[in-house]
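Have the viewer open as you read.

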Amino acid sequence: MLKVGVLGAGHLGKIHLRLLQESSKYELVGFYDPDAIHGKKVEAEFGYRYYDNINTLIDAVEVVDIVTPTLSHFDCAKKAIEKGKHIFLEKPITKTLEEAETLLVLEKKYGIKGQVGHVERFNPAFTAIKDSIHNPMFIETHRLAEFNPRGTDVPVVLDLMIHDIDAILSVVPSEVKEIHASGVSVISESPDIANARIAFENGCVANLTASRISLKNMRKSRFFQQDAYISVDFLEKKVEVVKMKDAPSSPGEFDMILQNAEGIKKQIYFENPTIENNNAILDELETFADAIIMDTTPKVTLSDGTKALRVALQIIDSF
């Protein structure tokens, strides 16, 4: 079992603490939070050991799980890496691209492993279909949330849209060519609703919408590729797959056949991949433990997190 310590005991930090305590791959040593009153309250309520000194906790563990506000990600990660500790870092990786690139240099220098908490990569709906997404040429995503003051310290692009940015970058085998975007501040000081159009070098186009002032929650992505349409509902954990193949010479009575202007006939059929329910946060933490123990590449590397941040910041700069 890997000795792990958590930095930050807010809403998400407490979820991480509970899951790490339950995990068979980690030994939870304790947590640090700069608010001593809050830290002692969490210790009293849940029994996790509270450390009032960040360095003392980092020294006592092998893995540092950073679940602090984005503004402090870099300082916390740098402290941990320079002490030779592996880091799990919540998304977005850092506030600035310069900070993220510095972490990449430190990761290599100190020979540690790092993973970024892009949790939708572990959503069972996405993992069930990811290997079937081949060279999509048009992608549409909607990530809508009801207003919650938590998270408004960063623009909606870094708070919500970055989930879809990371998922898209993981399935599009091409570099970004250009970005057009618009964002509007409604309640917060930073944009609360945003739309972005990302064009890739290979011709793929992705249209992303994110809002944190919606009346209902929605997390859907649609992928269009040669002979297939794939819809992923991250919220409901459902997948719809519509595929086309050459029509049989003697179609059955209930076969769905389309014929185009050139007379080519295609058969439409549906696939329902098996979706196994899971706890995505526990999965991402435990696969990181596996990567450390077996010396393999983490599922979502610091480099992946940096690429997602780079695109997110380009979107913000396009407003």
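1. Ground rules. This is a predicted model, in which local features need pLDDT of at least 70 and side-chain atom pairs count only at pLDDT 80 or more, while totals for chains, interfaces and linings use all residues. Residues are numbered from 1 along each chain as its sequence is written, and side-chain values use heavy atoms, with hydrogens and water left out.

2. The largest pocket. Its volume is about 1400 Å³. Of the 50 residues in its lining, His-11, Leu-12, Lys-91, Arg-150 and Asp-159 are the closest to the centre. A pocket here is an open set of points on a 1 Å grid over the protein atoms alone, where a 1.4 Å probe fits, with protein on both sides within 12 Å along at least five of seven lines; lining residues have an atom within 4 Å of a point. Grid points are joined across faces, edges and corners, and the volume is the space filled by probe spheres set on the points.

3. What lines the largest pocket. At least two residues each come from α1 (11–22), α4 (73–82), β7 (138–144), α7 (156–171), β11 (218–225) and α8 (280–293). Helices (H or I, at least four residues) and strands (E, at least two) are DSSP runs, numbered from the N terminus. By type, the lining holds 22 nonpolar, 15 polar and 13 charged residues. Here Ala, Val, Leu, Ile, Met, Phe, Trp, Tyr, Cys and Pro count as nonpolar, Asp, Glu, Lys and Arg as charged, and the others, Gly among them, as polar.

4. The second largest pocket. This one has a volume of about 340 Å³. It is lined by 14 residues, and Leu-169, Ser-174, Glu-175, Val-176 and Lys-307 lie nearest its centre. Two or more lining residues come from each of α7 and α9 (302–317), with α9 giving the most, five residues. The lining splits into four nonpolar, three polar and seven charged.

5. α7 against α9. These two helices pack at about 125 degrees with their axes 9 Å apart; axes are lines fitted to C-alpha atoms, for helices over the stretch in contact, and angles run from 0 to 180 degrees between N-to-C directions. That makes α7 oblique to α9 (under 35 degrees counts as roughly parallel, over 145 as roughly antiparallel, 65 to 115 as roughly perpendicular and the rest as oblique). The crossing of α7 and α9 is right-handed, meaning that the near helix is turned clockwise from the far one by less than a right angle, with anticlockwise being left-handed. The contact (heavy atoms within 4.5 Å) includes Leu-169 of α7 and Lys-307 of α9. Its residues are 12 nonpolar, no polar and three charged.

6. α5 against α9. Helix α5 (residues 97–110) packs on α9 at about 165 degrees, the axes being 10 Å apart, so α5 and α9 are roughly antiparallel. Their crossing is left-handed. Among the contact residues are Leu-103, Leu-104 and Glu-107 of α5 and Leu-309, Arg-310 and Leu-313 of α9. The contact divides into seven nonpolar, two polar and three charged.

7. α4 against α5. Here the axes come within 10 Å and cross at roughly 10 degrees, so α4 is roughly parallel to α5. The contact includes Phe-74, Ala-77 and Ile-81 of α4, and Leu-103, Leu-106 and Glu-107 of α5.

8. Backbone details to check. Most residues other than glycine have a negative phi, and most peptide bonds are trans. The bond from Lys-91 to Pro-92 is cis, with omega near -15 degrees, and Pro-92 sits in the loop between β5 (86–90) and α5. Asn-135 is not a glycine, yet has a positive phi of about 50 degrees; Asn-135 is in the loop between α6 (124–129) and β7.
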